[in-house]
2 protein chains.
Amino acid sequence: MNVHPDKAALVTPLDWTAETPAARGPIVANGPHANAIGVHAGAYAPYRALAVATGALGPEHRPDLTATDPVVTIGPYPTWRKPFATMDRFGHMVNNAFAKDIRAGIDVRPSIAIAAGELRFPEIVEALGAGRLHADGKVLDRAGTIHVTKIAIEPVWHLPTLAIRLGIGDALLRRALVEQTGGMYPALVERPEIEVFLPPIGGTSVYIFGDPSRLGTNAPVTCRLHDECNGSDVFGSDICTCRPYLAFGIESCIRGAQAGGVGILSYNRKEGRALGEVVKYLVYNARPRAACGDREEDYFARTKAVAGVEDMRFQSLATDPLTWLGVRRIDSWASMSNLKSDALRDAGIEIGQHLVIPDAMVPDRARVEISAKKAAGYFS
Amino acid sequence: MNVHPDKAALVTPLDWTAETPAARGPIVANGPHANAIGVHAGAYAPYRALAVATGALGPEHRPDLTATDPVVTIGPYPTWRKPFATMDRFGHMVNNAFAKDIRAGIDVRPSIAIAAGELRFPEIVEALGAGRLHADGKVLDRAGTIHVTKIAIEPVWHLPTLAIRLGIGDALLRRALVEQTGGMYPALVERPEIEVFLPPIGGTSVYIFGDPSRLGTNAPVTCRLHDECNGSDVFGSDICTCRPYLAFGIESCIRGAQAGGVGILSYNRKEGRALGEVVKYLVYNARPRAACGDREEDYFARTKAVAGVEDMRFQSLATDPLTWLGVRRIDSWASMSNLKSDALRDAGIEIGQHLVIPDAMVPDRARVEISAKKAAGYFS
């Protein structure tokens, strides 16, 4: 099994912080030119393996990127001078920036895609009907359709930068990534000269409200960082405030864009505080069964008993998409999480006004969550 | 890096198809007793690695499973005699079935969790208001709250069974899983005697409508298999019919449960036909930019040009949760996908009535998708 070429063959040099794509070099995850561990769309790699194994997909397939380019220009911004830990800031430009390499047969693929979108979000239609929002014909039209730019970002980890951000050594990080995953990608340890890792985890979906060309200017920014909660975001489970906060975030972003600013909703695939849904449901069962019922003081304790930690999201990883969008200041911040706001401040992003979700949007059963979070220092 | 013990140390025997948990043996993914490759909640394993690397989580943490047991009994059913390829049918029982092993210090963890839930789904509230649904006080109450049982299932692949189901050899499957992921889990090839793999991919969330004790009886089953589409399911993107079909599926499941049957909505984390969201957005851009506009004949062609295949979902993997729920026949089937219905029939599950989504639920912009699917043989 010689998946990665030997050291002498690392023929695609990378200078991670170089200012231009040409000086930085392409990220290559496949073939003799590979300078990254893992593959693109890593969270779906086992499915791709099944497609190749069954003959549905040729192992030599290369994407035809004709007409796939972003619908808007993002960057470069002055904020791009900071080193990114979790994404490739040139990931949306590869079709042009590395056209020569692609023509030469090197397998360079986008890790970011940018499309236009139209959304119908029931709570926004309702807010429009109730007069809490107004249609401007651009951001939000009279039928309730929201016009957005949507961006999919795959995780691209630069391990030396990630180690610095987490305050640990590069070797310790690599060793933990192999050992704590049960032996996933031994190359992380065996090939320390490879700096880039495409981890098989969910990425980030960013929705931009308003004119994206205002990004990186002084236009006021409204923002919510939202971590996936499938049960609430999709199905409307009433045990937590996730979808209500999402609706509140979208409503706030629309309002900010209509006032001449830009709204950013960054959605991270980190189900159940990155503990997964099985752990989440185990905790749901344990909470009300505790001796004294579902009390706020047990909210985090039961999670810790099952999972070992209360939270595994590492919000310091979630700031890169905002830095990538040129954000230096969030004028209106739709979140109650101190973990998120602390991470933003550490990333050099100022926060102005904290928006507070209206009480009417919080389901009754979710009040234990809100109280527990306040008691734990959220909002502080 | 000696993550997996050597062959002689495979001290936890597994007899995959054995009838009882005791005869089957526990699935162990960690420590000297490991008989599986990978780890539980594998899709979040890199986050766990960060938690250990930063000292937030002790590597020796074992979950405290007190009071986490399922809220209802699922199985055994006669359908459990068929071999499962993608899940552990005893995954919800480990706290009791393997209590002795757990007490002895063996790291056995649930791969399935079952909780009660209450949902507020805006389209259902609307259907109730419009008189298309009625409140019965059990499945659906007058406030629009839906009472469900929700089940989170992590993927647990039995590689020999999976290979048979895909019609390929076990060695070919293992080799592709290593090579096409860029060298993830070389133990898949190096340790062919280990039969179980916990792949780092999203799992399945199942919502049961009505009384779960009716599962495995002759009570009529209403069912939708839904594959994740974050942009539509969460944000209401109008380019596809995913959320409308989800709403239709939930509405149908409620109706089925109210008529004395049971509704099953099985939600698979397979974003963008298991191609991921970056590929999906690249295709969104390419479709309307094609010479003749966004035509139904290009719908699948553009996906294939970018991704190499039109679809990577492998619906034959999606039938196990239904088999696990004792389903032998789906009386009312809320889907237009022939890929799904063919897979069900291959799994020995009969399909009765095909429910058709009302035209009013299909967004205008999504008509290209519907037409393309019909032209490609969906519904056939």
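How can chain B be laid on chain A, and with what RMSD? A turn of 180° and a shift of 0.0 Å along the axis bring chain B onto chain A with an RMSD of 0.0 Å, where copies are superposed by least squares on the C-alpha atoms of residues with pLDDT of at least 70 in both. The two copies are thus related as by a two-fold rotation axis.

## About the model

This is a predicted model, in which local features need pLDDT of at least 70, side-chain atom pairs count only at pLDDT 80 or more, and totals for chains, interfaces and linings use all residues. Residues are numbered from 1 along each chain as its sequence is written, chains are lettered from A and ligands numbered from 1 in the order in which they are written, and side-chain values use heavy atoms, with hydrogens and water left out.

## How the copies meet

Of the interface residues of chain B, 100% are also interface residues in chain A, so the copies meet through the same surface. Contact here means heavy atoms within 4.5 Å.

Let's turn to the strands. Helices (H or I, at least four residues) and strands (E, at least two) are DSSP runs, numbered from the N terminus, and two strands pair if DSSP finds at least two bridges between them.

One open sheet of chain B has 3 strands in the order 1-5-4, with mixed pairing. Strand 1 (36-38) and strand 4 (157-158) are its edges, each with a single partner strand, so one side of each is left without a neighbour in the sheet. Strand 4 and strand 5 (residues 196-198) are antiparallel, joined over 2 bridges; there, B:Trp157 has B:Phe197 as its bridge partner.

## The enclosed strand 8

In chain B, 7 of the 7 residues of strand 8 (residues 262-268) are buried, so this strand is largely enclosed by the rest of the structure. Buried means under 20% relative accessible area, exposed over 50%, and partly exposed in between (1.4 Å probe, protein chains only). One side of strand 8 carries B:Val262, B:Ile264, B:Ser266 and B:Asn268, the other B:Gly263, B:Leu265 and B:Tyr267.

Strand 6 (residues 204-209) runs antiparallel to strand 8, with 6 bridges, and B:Ser205 stands opposite B:Tyr267. Strand 7 (residues 221-227) pairs with strand 8 in the parallel sense over 7 bridges, B:Cys223 being the bridge partner of B:Ile264.

## Backbone details worth a look

Most residues other than glycine have a negative phi, and most peptide bonds are trans. The bond from A:Gly75 to A:Pro76 is cis, with omega near -5°, and A:Pro76 sits in the loop between helix 2 (45-53) and helix 3 (94-97) of chain A.

A:Ala67, in the loop between helix 2 and helix 3 of chain A, has a positive phi near 65° and is partly exposed at 26% relative accessibility. A:Tyr185 also has a positive phi, near 50°, but counts as buried at 1%.
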